[in-house]
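The sequence and the structure are shown first, and the description follows.

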Amino acid sequence: MKLRLFPQEPAGLNLLAQLAGQIALATGTLSEILGAPASENDRLVEDMHNHEAKSAELHFALLTHMRTSFVNPLPREDMYALSRFLNEAMEKLDAAADLVSLYKLDRLPKRAADQLEIISRQAELTVDAMRRLDNLDDLEDYWIEVLRLSKRAERSHRVWVADMLNEMKPARYARNRDIADQLVGVTRDMRRVAVQVGSIIVKES
């Protein structure tokens with residue numbers, strides 16, 4: 001049996017999907033920054049700032065939609081939490097790009113690419129899940145997979161930090177650790193989205 005919380009009003013879900021889509025786009029931009037020469041940084045960081053601005057715009061558009069819409073596909077507190085977590089993930093990606101530029105880093109360890117791969121996969125799964133929140137029957141796999149990816153990201157982060165401590169002088173370690181912390185923070189925000197979806201599934205089952 002299909003679970004439907006309310007009569008369908010897809011605009012809010014579309015906004016949530018677009019928010020997750022901005023994370024996917026921003027992850028691609030950050031990957032470009034990590035692989036580009038320093039001369040390209042200013043342009044790419046500006047692209048990242050544009051992703052962050054678009055994310056904030058979508059977040060506030062969703063808040064307006066929830067205030068003015070008579071029927072929402074989910075309880076307002078759940079939609080607000082999902083939107084906030086997605087926007088906070090975007091802010092951390094933007095911060096990571098800023099730090100790469102400000103610290104004038106020309107390369108990062110392979111662990112950075114590993115984390116971006118995980119974030120990209122989490123974002124891809126989340127875009128699809130946000131569109132399907134009015135039908136909770138098949139979202140449990142999304143919930144479980146994002147949690148699995150988050151555990152992988154935590155493990156990668158621990159190994160990255162240990163490697164940096166062993167291989168880097170203190171100043172270089174501090175700069176790289178800042179970026180590592182931002183990236184694992186993104187995976188944690190995506191996990192919070194999945195946990196929120198899991199709580200919705202449990203409440204409505």
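A salt bridge is taken here as a side-chain nitrogen of Lys or Arg lying within 4 Å of a carboxyl oxygen of Asp or Glu. The model is predicted, and by this rule the count comes to 17 salt bridges.

**Salt bridges**

Glu154 and Arg188 form one of these salt bridges, with their closest N and O atoms 2.7 Å apart. Because Glu154 belongs to helix 5 and Arg188 to helix 6, the pair ties together parts that are 34 residues apart in sequence. Glu154 is buried, with a relative accessible area of 18%, whereas Arg188, at 38% relative accessibility, counts as partly exposed.

Through shared partners, salt bridges also join Arg84, Glu88, Lys92, Asp189 and Arg192 into one network. Asp189 is buried at 2% relative accessibility, while Lys92 is partly exposed, with a relative accessible area of 24%.

A further salt bridge is found between the side chains of Arg148 and Glu145, at 2.6 Å from N to O. Here both residues lie in helix 5 (residues 140-167), three residues apart, which is about one turn of the helix. Arg148 has a relative accessible area of 44% and is partly exposed, and Glu145, at 22% relative accessibility, counts as partly exposed.

| Salt bridge | N to O distance |
|---|---|
| Arg148 and Glu145 | 2.6 Å |
| Glu154 and Arg188 | 2.7 Å |

**Packing around helix 3**

Two packed helices are described by the angle between their axes and the distance between the axes. Helix 1 (residues 10-35) packs with helix 3 at an angle of about 15°, their axes being 10 Å apart. Since angles under 35 degrees count as roughly parallel, helix 1 is therefore roughly parallel to helix 3. The crossing of helix 1 and helix 3 is left-handed. From helix 1, the residues that make the contact include Leu16, Leu19, Ile23, Leu30 and Ile33, and from helix 3 they include Leu82, Leu86, Leu93, Ala97 and Val100. By class, the contact of helix 1 with helix 3 has 17 nonpolar, four polar and no charged residues.

Helix 2 (residues 41-68) also packs with helix 3, and the axes of helix 2 and helix 3 come within 9 Å and cross at roughly 170°. Angles over 145 degrees count as roughly antiparallel, so helix 2 and helix 3 are roughly antiparallel to each other. The crossing of helix 2 and helix 3 is left-handed, and the residues of this contact divide into twelve nonpolar, eight polar and seven charged.

Ala97, in helix 3, is among the residues that make the contact between helix 1 and helix 3. At 0% relative accessibility, Ala97 counts as buried. When residues up to four places away in sequence are not counted, Ala97 touches Leu30, Ile33, Val45 and Met48. Ala97 and Thr29 are 68 residues apart in sequence, yet their C-alpha atoms are 8.7 Å apart in space.

Asn176 lies in helix 6 and counts as buried, with 2% relative accessibility. Leaving aside residues up to four places away in sequence, Asn176 touches Leu108, Pro109, Trp160, Met164 and Met168.

**A backbone feature in a loop**

Most residues other than glycine have a negative phi. Lys104, although it is not a glycine, has a positive phi of about 55°. Lys104 lies in the loop between helix 3 and helix 4 (110-131), and with a relative accessible area of 71% Lys104 is exposed.

Key:
Residues are numbered from 1 along each chain as its sequence is written. This is a predicted model: local features need pLDDT of at least 70, side-chain atom pairs count only at pLDDT 80 or more; totals for chains, interfaces and linings use all residues. Side-chain values use heavy atoms; hydrogens and water are left out. Buried means under 20% relative accessible area, exposed over 50%, partly exposed in between (1.4 Å probe, protein chains only). Helices (H or I, at least four residues) and strands (E, at least two) are DSSP runs, numbered from the N terminus. Axes are lines fitted to C-alpha atoms, for helices over the stretch in contact, and angles run from 0 to 180 degrees between N-to-C directions. Angles under 35 degrees count as roughly parallel, over 145 as roughly antiparallel, 65 to 115 as roughly perpendicular and the rest as oblique. A crossing is left-handed if the near helix is turned anticlockwise from the far one by less than a right angle, and right-handed if clockwise. Contact means heavy atoms within 4.5 Å. Ala, Val, Leu, Ile, Met, Phe, Trp, Tyr, Cys and Pro count as nonpolar, Asp, Glu, Lys and Arg as charged, and the others, Gly among them, as polar.
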